[in-house]
Amino acid sequence: MTMTRLAATLAATMIAAGPALADTLHFPNLSYRTGPFAAGGIPFADGYADYFTLINERDGGIGGVPIRYTECETAYNTERGVECYQSIRGDSPLVIQPLSTGITYQLIPRTMEDGVPMHTMGYGRTSAVNGEVFNWTFNYPANYWDGASVIINYLLDENDGALEDKKIVLLYHNSAYGREPIPTLTRLSERLGFELLTIGVDSPGQEQGSQWLQIRRERPDYVVMWGWGVMNPTAIQEAANIRFPMENFIGVWWSGSQQDVLPVGEGAHGYKALAMHGTGTDYPIYEDLMNYVIEPGLYAGTGDEVGTVLYSRGMYAAMLAVEAAKTAQEIHGVANITPAMMRDGMANLEITEELMVELGLPNFGPAFSVACENHGGSGAAMIQQWDANAGEWNLITDWISPDRELIMEMVMEDSLAFAAENDMTPSCMN
Amino acid sequence: MPDTLLFAMEATLNGLTAGVMYALVALGFVLIFKASGIFNFAQGVMALFAALTLVGFQSGQIPFSHLINAIFGTRLHHFGWNMPTLLAIPATVAVMILLAILIERFVLKHLINQEPIILFMATIGLAYLLEGVGDIMWGAEVKALDVGLPKGMSDTVDELTFNWFGYGFFIDRLELWAAGIAAVLVASLTIFSQYTKQGRALRAVADDHQAALSVGISLRFIWVLTWSIAGIVALVAGIMWGSKSGVQFSLSLIALKALPVLILGGFTSIPGAIIGGLIIGVGEKLFDFFMQPIIGGATENWFAYMLALVFLLFRPQGLFGERIIERV
């Protein structure tokens, strides 16, 4: 009798809860707030969450439908990331943010099969740019190969267009993520004539003595870093230790946050990194964030990371997700969109500078449009430099475009090889 | 002198100093294993917790402020003052002693006479608990740790070696300091265990629990003492590693560097931890130096374990460990 009553209560609760869940737009986040990489995962997750809170509080959701934001903790662990995906795949996730290249590689075939779109902003499998093969994966506005090419284009500018007699070291996290730029830099070294030396660092990267002794012996002109987590401040500290000229040390966008330079103190002054978006609170959107999220105490984190590089990145990712959802609503004429509709929104997303101004983020990110042939956006990035005295990143260039001709050539090779391995016929979905 | 030889000498020198850093972590494991037979899985997390606490005290951070703010809707973060390092270190030592008392009271006391594997599993739980408490207490953001230790290239070594060989060797001053601190630590531990009443009691418990109990030595007191000393050693390791790359949660992974050191040096020998650390440090640097051009870099992590594996085949108890004799 008790069991029957319990079952009836449970059923009634589920029925009552059903419409509430259905009338929301579910944006999950595979976040990592614990583990060795938590320091980078937390601000991203907070920025991602706070933007959705802003949209709910200020606009009442997207197209009148409230956002339901959920998090699943991966601890930056691939197995746990896959488990997280399995737990949310049946809950109409509109877009998956794996926030890890390792997890991305595992989820690409699963999301394809389940029909769930995935956004890997500035990470993941680079050849997902080819939407004819990777129908469900998007990596706009830039990817690793873009990043590598932007750095080389910047160095070309710095060296009057010639890098023939230069030696460049790539110091990389010895993982799927860290190895991504090697093919691009290898091709660019063959094309431009610079000497490329690749040096790996095992995860997590707290001990880099051998690597920096080698760098000291090799005396490279530039060091390019593809690091994450503790590898970044350790490398910057080691560079300062051997008195490597910091202005010749350039990191990817995952090696260019406050977390990477603050532990090093004065030694990090002059270090450079790629920026795929602006940073700081000098954007009109922060007024709304302050009024609707921070001041009412609705922020996801401590509130003190607002405006930092990784918080800005999380906020930017959420903004792109919201704009894609709006596009999907326009395309399909319904407010309560499904993951398949969201995919259409992502595949037809157009970000213009006018829109960025309207959103309170002028010149925060590049203008780009997504198409089946290009899920990767413009690939443009800026260079930022750390000022240890002021304790801030300063943008020192405008948007620099990558060598898209070379990158698309490589994208086609890799994506078509993937299609052949998986017995797929590349085609557009819309 | 050929360049290769000079570079190999530089790598050896750096291996020695890196080895001391590994040994600092390994020492904490040895102390607890020697006194209680427990392999303390939480030693790396203890180093992290100690470093977090030190930075927290230094910067005047309010412990558990995130939790307090979440519950009461307040916006507390800092007391508004900074604690001098000379005061923050003793305060952290006090916290580590309190932690040792709590561990004994709530974990070890209830596991007397249990199998070593049970105690080991308890320390796994302790590691997760401590990591979580550290997160809630001090937050998970990266923190800069500065206790005034010098960092960067040693000009003295650079100039000296340049005058001798025509090539200046690189040595990090922080690692030179670590070597000095490790020497003081080992000397202090030796004096403590040889010449003090508590130290002799600790050795007695390490030799034979039953015999020590029969002469009136309190096992519970010795456990608190051992875990307190291990906590202080963890603080030293946390300071040295935290000064290198900031205090963040990956600091707990330095324990992984200590395991091969322990296998080499033996789980019960303090000099073994030092010698093991030096062998691992020099071995991995030289291996990387000679093999990098052939097999690529990133050999440091797996090489240490491979070396330990080879050692296990020939001397399972380690270089200085007690020989295992089982009578049938």
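## Before you start

Residues count from 1 along each chain as its sequence is written, while chains are lettered from A and ligands numbered from 1 in the order in which they are written. Because the model is predicted, local features need pLDDT of at least 70 and side-chain atom pairs count only at pLDDT 80 or more, whereas totals for chains, interfaces and linings use all residues.

## Chain A as a whole

Let us begin with the big picture. Chain A has 15 helices and 13 strands; helices (H or I, at least four residues) and strands (E, at least two) are DSSP runs numbered from the N terminus. The radius of gyration of chain A, 22 Å, is close to the 22 Å that the globule rule gives for 430 residues, so the chain is as compact as a globular protein of that length. (The radius is taken over C-alpha atoms, and the rule is 2.2 Å times the number of residues to the power 0.38.) Along the principal axes, the C-alpha atoms of chain A fill a box of roughly 80 × 50 × 45 Å.

Of the 430 residues of chain A, 56% count as buried, that is, with 20 or more other C-beta atoms, placed from the backbone, within 10 Å of their own. Among contacts in chain A with a separation of 6 or more, 70% come from residues 24 or more positions apart; a contact means that the C-beta atoms of two residues, placed from the backbone, lie within 7 Å.

## The seven-strand sheet

In chain A, 7 strands form an open, mixed sheet in the order S6-S5-S7-S8-S9-S12-S13, where strands pair if DSSP finds at least two bridges between them. S6 and strand S13 (392-395) of chain A are the edges, each with a single partner strand, so one side of each has no neighbour in the sheet. From one strand to the next, the twist averages 30°.

Follow S12(A) for a closer look. Strand S9 (residues 272-275) of chain A runs antiparallel to strand S12 (residues 382-387) of chain A, and 4 bridges join them. A:Ala275 has A:Met382 as its bridge partner, and A:Leu274 has A:Ile383. S12(A) and S13(A) are also antiparallel and joined by 4 bridges, with A:Gln384 opposite A:Leu395. Their hairpin has 4 residues between the strands, and A:Gly391 takes a positive phi near 65° there. S12(A) is largely enclosed by the rest of the structure, because 5 of its 6 residues are buried.

## Two crossing helices

Helix H12 (residues 309-332) and helix H13 (residues 339-347) of chain A pack at about 105°, with axes 7 Å apart. Axes are lines fitted to C-alpha atoms, for helices over the stretch in contact, and angles run from 0 to 180 degrees between N-to-C directions. That makes H12(A) roughly perpendicular to H13(A), a label for angles of 65 to 115 degrees.

Among the residues that meet are A:Ala324 and A:Ile331 in H12(A), and A:Met341 and A:Met346 in H13(A).

## Where chain A meets chain B

Here 37 residues of chain A are in contact with 36 residues of chain B. On the chain A side, helix H2 (38-59), strand S6 (195-201), helix H8 (209-218) and helix H9 (231-241) each supply at least two residues. H8(A) gives the most, with 7 residues.

How values were computed: A residue is buried if 20 or more other C-beta atoms lie within 10 Å of its own, exposed if 12 or fewer, and partly exposed in between; C-beta atoms are placed from the backbone. Angles under 35 degrees count as roughly parallel, over 145 as roughly antiparallel, 65 to 115 as roughly perpendicular and the rest as oblique.
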